[in-house]
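Have a look at the model first, then read on.

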Amino acid sequence: MINLAKGQRLPLANIIAGNTVKVELSTEGLPFDFVCFGIDAQGKLSDDRYMTFFNQPKSPCGGIAFTEIGSDLVSMIFEMSKIPNSIDRIIIAGSIEGSGTMSTLKTGSLKILDVKEEKARFIFSGSDFNAEKAVMLGEFYRKDDQWRFMTIGQGFNGGLETLVT
């Protein structure tokens, strides 16, 4: 298993064997809403239907889907071969429900699984942040016709609205 550091980049083929990736997100100490954005080559949300979250749990292509939505754990399946070429990046983000800030988060993790086996993990905590209300945790992106993954860990004080902008 690979412990990922902030800003680390890896070819997805170095983490998983096939085209299906499971991502598990969890936080302790703050209620979180997780979301994925399908971003085009111009850096914009490709289509509102590619903002995938609890209220819109599946992308139109079926390549991004929330499979479990709980208070402490969220699971998503990414079928990379189904993602259309118009999607250049897939950003995984989260925002705080209510009035808290990221600095009060006890701990959180983004885990990448190949089927059921954990292959990589990015750990974050409140000490990594200040007054932020939203955070970009990681992203899948295309490079040289291959999918890659990068950890981000960047917070946004204005919450999800600022992150989206």
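At 24% relative accessibility, Cys61 counts as partly exposed, a label for anything between buried (under 20% relative accessible area) and exposed (over 50%), using a 1.4 Å probe and protein chains only. Keep in mind that this is a predicted model, where local features need pLDDT of at least 70, side-chain atom pairs count only at pLDDT 80 or more, and totals for chains, interfaces and linings use all residues. Residues are numbered from 1 along each chain as its sequence is written, and side-chain values use heavy atoms, with hydrogens and water left out.

**Cysteines**

- The count of disulfides is 0, a disulfide being a pair of cysteine sulfur atoms within 2.5 Å.

**Aromatic pairs**

- How many aromatic pairs does a search of the whole structure find? The search turns up 5.
- To count as a pair, rings of Phe, Tyr and Trp (its six-membered ring) need centres within 6.5 Å; planes under 30 degrees apart are called stacked, over 60 edge-to-face, and the rest tilted.
- Phe53 and Phe54 have ring centres 5.6 Å apart and planes at 90 degrees, so this pair is edge-to-face.
- Phe54 is partly exposed, at a relative accessible area of 47%.
- Phe122 and Phe124 make a tilted pair, with 6.0 Å from centre to centre and 35 degrees between the planes.
- Buried or exposed, what are Phe122 and Phe124? Both Phe122 and Phe124 are buried.
- There's also an aromatic cluster, made up of Phe78, Phe140 and Phe149.

**Salt bridges**

- In general, side chains of opposite charge can pair when their charged atoms come close.
- The rule here asks for a side-chain nitrogen of Lys or Arg within 4 Å of a carboxyl oxygen of Asp or Glu, and it gives 6 salt bridges.
- Arg49 and Asp47 form one of them, with the closest N and O atoms 2.8 Å apart.
- Arg49 is partly exposed at 46% relative accessibility, and Asp47 is partly exposed at 25%.
- Glu79 and Lys82 also meet through their side chains, at 3.4 Å from N to O.
- Glu79 comes out as partly exposed at 26% relative accessibility, and so does Lys82 at 40%.
- Glu24 pairs with Lys22, where the closest N and O atoms are 3.6 Å apart.
- Glu24 is buried, with a relative accessible area of 16%.

**Around Ile77**

- Where does Ile77 sit? You'll find Ile77 in strand E7, which covers residues 73-79; strands (E, at least two residues) and helices (H or I, at least four) are DSSP runs numbered from the N terminus.
- Ile77 is partly exposed, at 21% relative accessible area.
- Leaving out residues up to four places away in sequence, Ile77 touches Thr20, Val21, Lys22, Gly63, Ile64, Ala65 and Thr67, with contact meaning heavy atoms within 4.5 Å.
- One of those contacts, Lys22, is the salt-bridge partner of Glu24.
- Ile77 and Asp114 are 37 residues apart along the chain, and their C-alpha atoms are separated by 10 Å.
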